Protein chains: 2
Amino acid sequence: MVAIKDVAALAGVSTATVSRTLSQPDKVSEKTRERVMKAVEKSGYRFNAAARQFRRQRTETILTLVPDIGNPFFSNIVQGIESAAQASGYRVVLGETNPELSTEGTYAGYMQQRHADGAILLGVDGADSFANEDSSMPVVMACEHLPRSPFPTVRINNARAAQEAVAYLIELGHRRIAYINGPPDSPISKDRLRGYRKAMKQAGLKIDDNWIAPGDYSPASGYHAAKALLQMKKPPTAIFAISDPMAIGAMRAASELGVKIPQDLSLVGFDDIRFAEFMTPRLTTVHQHRELIGQVAMEMLVRLLDGEKVAQETILDHELVIRESTGKPRDGK
Amino acid sequence: MVAIKDVAALAGVSTATVSRTLSQPDKVSEKTRERVMKAVEKSGYRFNAAARQFRRQRTETILTLVPDIGNPFFSNIVQGIESAAQASGYRVVLGETNPELSTEGTYAGYMQQRHADGAILLGVDGADSFANEDSSMPVVMACEHLPRSPFPTVRINNARAAQEAVAYLIELGHRRIAYINGPPDSPISKDRLRGYRKAMKQAGLKIDDNWIAPGDYSPASGYHAAKALLQMKKPPTAIFAISDPMAIGAMRAASELGVKIPQDLSLVGFDDIRFAEFMTPRLTTVHQHRELIGQVAMEMLVRLLDGEKVAQETILDHELVIRESTGKPRDGK
DNA sequence: TTGTAAGCGTTATCAG
DNA sequence: CTGATAACGCTTACAA
């Protein structure tokens, strides 16, 4: 194995000089630099990243924990994280927290064992174990905030976004508005449900508990939820699904039941994934700046790693994007 | 910083014993183990992964290079890689090769600098730089094969899959069948195009060059391609798009032009992403076992890292999934 | 089963 | 600007 000392011998300099040439070329005279680089070439030297990480006690790696990489919403956030990480010289280790795919606790001891310098958690799955370890760990949460969490968070105002979406449906004239939920214990679901309830209440509308259908963000769950909703004796005239994949599932259910969107049913999604504007009808949804969320999260983490302070909560903008899946309800409905 | 030697002192054993207790607990007597574990607790010791990686000269990390994580096809493959990696004790570092997001060459020197023990390349982007370095590097390619590549590959038979899809359209009675391509220089596009040509030729059908529309796998590109295709004087009665996102874009284009699927236009996609079966009409497409591709790739890489031999080409099954977006052409067409 | 001790390859410090 | 040298914390022969 060719190491720095071999290059040093070949170039007739010290190991320190070789190291400097490689890491801080400007601290070395031009002549020396050339000689060293030539020796590097000739010797077939390959830098040993593990040795540097060991010596510096920094891995320049961050862990990103994602509930479901298959969901385009999360994968777009990961893209933002990855490009920001690249720009700051960090690597991204990816871990899925989805319990169906991931062995419980695989990543729990990850920070503990100093495999990574910091972590970004997309959603609260597994966040507890991080909080338990040592709350001074450099961890940033994205999308979702853990109540009383020690970790800075970047997200949109989920309650308000949901409220606006539902308010828009009400404004169109809808009174029976159903809601397809996410995992019921997740803060994100709770926030959005709160927004839904608030909008309904402000309009003086009663909520039938059966209108709140369970879901898990997947298209299949949206499909089943909508099927059930649309087959009620007095079905809702509008559905608000808190993820686009669920909304897409709901579109499918409506189509199978001969329910026309937006004539018979208005539908609003959440996230504005790439596919939303290609649906027929084009999907009305709440846009989140997905790449930006990832970028901001990574930038916050870098500041944390540099020992700087960051805001405990960073709230990014969202936008209700009105397209074609929403309209006025039919008369008499 | 609490290190093994501190734990050793506290437990009254040697550092070797502590190391063994942590890495190979069965090589240590029960009594000692307990004593050491207690000392670990008391001292607040945290394992130093970098030190182990350095000492062992193995990072237990693999690099996965993905053209576009935002494409559900790739992200599902990554899920397969990640879960297999977890099962084998490896970590996955994720890198995007998409030149719009990624700085050229960021990951080229990655193996060179021994940041990872091996790599999985999804698609050939950037594969050259790996081949240049040292062809003995543990690298597995997935989805796409590089002609004369030194790297083992796992993929489906793309040419045959495309041929079957087109043959099916021909069998339905279509004669004017258009094709939405991927990046023209990629082997995957070439293989599938070859399959398309072969099927057409076998049926004695001429191909109008204008039927081969450019695309890049994205829904937007499929949308534009289909728009152009459907506005020809004598438009095709069927379109074969070699990615589902492009097919979804094409559905949108058809809808805007009042072209009914499958009555006026049959449409076939490729990959069978999650959303395909939720489209209206449900999308006929070529199913690939996405998670499996990732898993197999990872398992091959593990064997490579263990010094075992692996097959140069592993061809997995695909299936033409016939749903509702395809049908007989209208009479006289 | 346990201990001793020699590294792994880099970087940081300090002196020249 | 360059050199000498001492770590960094762990693993692993080898010895006891």
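How do the residues of the surface near DNA strand C divide into nonpolar, polar and charged?

Guide: First, the ground rules. This is a predicted model: local features need pLDDT of at least 70, side-chain atom pairs count only at pLDDT 80 or more, and totals for chains, interfaces and linings use all residues. Residues are numbered from 1 along each chain as its sequence is written, while chains are lettered from A and ligands numbered from 1 in the order in which they are written.

Now your surface. Near DNA strand C there are twelve nonpolar, nine polar and six charged residues (Ala, Val, Leu, Ile, Met, Phe, Trp, Tyr, Cys and Pro count as nonpolar; Asp, Glu, Lys and Arg as charged; the others, Gly among them, as polar). In total, 27 residues surround DNA strand C (near: C-beta, placed from the backbone, within 6 Å). A:I4, A:S19, B:A16, B:T17 and B:T32 are the closest. Both chains take part. Chain A supplies at least two residues from each of α1 (4-11), α2 and α4. Chain B does so from α2 and α4 (helices are DSSP runs of H or I, at least four residues; strands are runs of E, at least two; numbering starts at the N terminus).

Turn to DNA strand D. It has 27 residues around it, and A:S14, A:A16, A:T32, B:I4 and B:A16 come nearest. Two or more residues each come from α2 (15-23) and α4 (49-56) of chain A, and from α2 (15-23) and α4 of chain B. α2(B) gives the most, six residues. By class, the surface near DNA strand D has twelve nonpolar, nine polar and six charged residues.

Next, the contact of the two chains. Chain B gives 44 residues and chain A gives 44 (in contact: C-beta atoms, placed from the backbone, within 7 Å). On chain B, α4 (49-56), α5 (72-87), β2 (91-96), α9 (219-230) and α10 (244-256) each supply at least two residues of the side touching chain A. The largest share, eight residues, is that of α5(B). That side of chain B has 18 nonpolar, 19 polar and seven charged residues.

The same surface serves both copies: 100% of the contact residues of chain B recur in chain A.

Terms used
Two residues are in contact if their C-beta atoms, placed from the backbone, lie within 7 Å.
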